[in-house]
Amino acid sequence: MNNNNVLIIGAGVAGIEASLLLANAGRKVYLIEHTSYTGGNVIKFEEVFSNMECATCMLAPKQQELLAHDNIELLTLSEVSDVKGSLGDFTVKVEKKARYVDMQNCIGCNACFDPCPVSVKNEFEEGLSERKAIYIPCLGALPNVPAIDTENCLRFKGKDCQLCKESCMFEAIDFDQKDEELELKVGAIIVATGFSSFDPQKVARFGYGKFSGVYSAFEFERIFASNGPTVGEIKLKNGKPPKSVAIIHCVGREEKGYCSTICCMNSLKFVHYLKGKLSEVKIAEFYFDLCIPGKSYQKFYEKTKTMGVDIIRTQDIKVTNSNGTLKINYSTENQPSKTEYRDVDMVILSSAIEPNSDAEKLANVLGISQDEYGFFAEKHSEIASLDTEKDGIFIVGCAQNPKDIQDSVAQSQAAVGKILSLL
Ligand SMILES: Cc1cc2nc3c(=O)[nH]c(=O)nc-3n(C[C@H](O)[C@H](O)[C@H](O)COP(=O)(O)OP(=O)(O)OC[C@H]3O[C@@H](n4cnc5c(N)ncnc54)[C@H](O)[C@@H]3O)c2cc1C
Ligand code: SF4
Ligand code: SF4
């Protein structure tokens, strides 16, 4: 049987691109996303290298188009639990969790958040702010409809709370919604589940989790974001803006054993972020090897070098704290045995990209392999980089290996072309 429908797992930039192209070509698309929103990691960024374009302006029109498209069925809070069959004839089981908010009735006014008595750390904001048990991850999230987090909601812990329901004038909150198991028939599957970030706490010498001025790259992205925890104001936990910042590349590269290809670029992007808002700030970038490929990235690097930043190649680096001042201890290529020092207020760690922690589970469900690092394995690294060993199942974006938005989107476009030619 040749079924033309396509299942896409992951509603990040790669999954969204593939969904829209297939849907516009007349195919029915089921887009499975395990969070309550679309956009993946890119919606955490205010701007993207190398043109410093506003990420929301780039992505939001595509997210809106996706939500309105007749050929796309977006299943949020959902995961694939079983896959049987082969190219042209897959049967897929999906576990869909209830949102407890009616997507049609809700107008996204957020009036239900304030009365909720529960506050927990907002994981989308890397724990830098709090959210309620009924929540959207950040302003501008799409769909702009909250979900109830049943692990923290008092009602789901047996208490008699319904304050959110009472505050909703649109009768959108529905505690009677149930989790569902759906069975879908599709001809091909695209895996676009993206990546996680290496936990810098695993490398003690960077002081992450120990010294309050040390931030991960994702934390800094959210601090810079106008819809983030500081409303875009670059400030330390003491409320003051940093006067000097060290940005450290390649955090976790040694441990993971591969180059994540985008961290040098996002480290350079941070110079633009910092100088754009704090023109006097002193910045030093510490790198081991620079990965700046391609025509636009070289240009970006050359421009960044003129912005008043020290770009230092280091052999060895450690962050210490003396009397509340962060100190970068490093040696350079020219004098590897001499330790040099630099005092800074803020350290930003550019962590490696790594596979999601549930990648093995999904690989087993799909019947595909992982490579030696845990990313989904391609059939052939040179000439079949988006095929898997299972015909009809394709891997795109950072689910295959670390890559930037441009390459993630290009790979999605290629997968769509293959599917349209096969089915
Ligand atoms: C700090 C930082 C800054 C960056 N800045 C830039 C930049 O400026 N420019 C640039 O080009 N690139 C940048 N990148 C790289 C960029 O983030 C990636 O290229 C891009 O996110 C890849 O998109 P994706 O769709 O493959 O994955 P993701 O963005 O990770 O999206 C994957 C989606 O799949 C969902 N998902 C995961 N597992 C499952 C599952 N089992 N079931 C259902 N859904 C699932 C996730 O919730 C998510 O929505 C940066 C990366 C980092 C770490
Ligand atoms: S559930 Fe009701 S109160 Fe909450 S955002 Fe939607 S419409 Fe507004
Ligand atoms: S039922 Fe109560 S605790 Fe649960 S989300 Fe609504 S207001 Fe919050």
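Modeller: Buried here means under 20% relative accessible area, exposed means over 50%, and partly exposed is in between. By that cut-off E221 is buried, because its relative accessible area is 3%. Bear in mind that this is a predicted model.

Colleague: OK, so which residue does E221 meet in a salt bridge?

Modeller: K269, with N to O at 2.9 Å. K269 has a relative accessible area of 2%, so that side is buried too.

Colleague: How many salt bridges does the structure hold?

Modeller: It holds 18. Some share partners: R253, D289, R313 and E333 are joined into one network that way.

Colleague: What about R222, which side chain does it meet in a salt bridge?

Modeller: R222 meets E125, at 2.6 Å from N to O. That one links distant parts of the chain, with R222 in helix α4 and E125 in the loop between β8 and β9, 97 residues apart.

Colleague: And are R222 and E125 buried or exposed?

Modeller: Both R222 and E125 are buried.

Colleague: Now K62. What's its salt-bridge partner?

Modeller: E17, with the closest N and O atoms 3.0 Å apart. K62 is in helix α2 and E17 in helix α1 (residues 13-24), so to speak distant parts of the chain, 45 residues apart. K62 is partly exposed because its relative accessible area is 30%, while E17 counts as buried at 9%.

Colleague: Back to the loop between β8 and β9. What's N122 doing there?

Modeller: N122 lies in that loop, between β8 (119-121) and β9 (130-132). At 4% relative accessibility N122 counts as buried. Beyond its neighbours within four places in sequence, N122 is in contact with G127, S129, E130, R131 and P137.

Colleague: Switching to the nonpolar side: how many residues has the largest nonpolar core?

Modeller: It has 68 residues, and those with the most contacts inside it are I134, I148, I173, F220, I247 and L274. Elements giving two or more residues include α2 (55-68), α4 (217-224) and β16 (244-251). α6 gives the most, with seven residues.

Colleague: Which domains does this core draw on?

Modeller: At least three residues come from each of domain 1 (6-97 + 179-195 + 355-422) and domain 2 (199-352).

Colleague: Pick F220. What is it in contact with?

Modeller: Leaving aside neighbours within four places in sequence, F220 is in contact with I234, F270, Y273, L274, M346 and I348. Apart from that core lies another one of 25 residues, among them I9, I32, A363 and I395.

Colleague: And how many Å separate the centres of domain 1 and domain 2?

Modeller: 31 Å, taken over C-alpha atoms. The contact takes 18 residues from domain 1 and 21 residues from domain 2.

Colleague: Last topic, the surface. Which residues make a nonpolar patch there?

Modeller: I107, M169 and F170 make one of about 350 Å². M169 is in the loop between α3 (163-167) and β12 (180-186).

Colleague: Why does M169 count as exposed?

Modeller: Because its relative accessibility is 74%, and the cut-off for exposed is over 50%. In general, nonpolar side chains in soluble globular proteins tend to be buried together.

Conventions:
Residues are numbered from 1 along each chain as its sequence is written. Chains are lettered from A and ligands numbered from 1 in the order in which they are written. This is a predicted model: local features need pLDDT of at least 70, side-chain atom pairs count only at pLDDT 80 or more; totals for chains, interfaces and linings use all residues. Side-chain values use heavy atoms; hydrogens and water are left out. Patches are made of residues with over 30% relative accessible area and no salt bridge: like charges are joined within 9 Å, nonpolar side chains (Val, Leu, Ile, Met, Phe, Trp, Tyr) within 5 Å. Accessible areas come from the Shrake-Rupley method with a 1.4 Å probe; for residues, only the protein chains shown count as cover. A salt bridge is a side-chain nitrogen of Lys or Arg within 4 Å of a carboxyl oxygen of Asp or Glu. Helices (H or I, at least four residues) and strands (E, at least two) are DSSP runs, numbered from the N terminus. Buried means under 20% relative accessible area, exposed over 50%, partly exposed in between (1.4 Å probe, protein chains only). Contact means heavy atoms within 4.5 Å. A nonpolar core is a set of buried Ala, Val, Leu, Ile, Met, Phe, Trp, Tyr and Cys residues joined through side-chain atoms within 4.5 Å. Domain bounds come from an automatic or database domain assignment.
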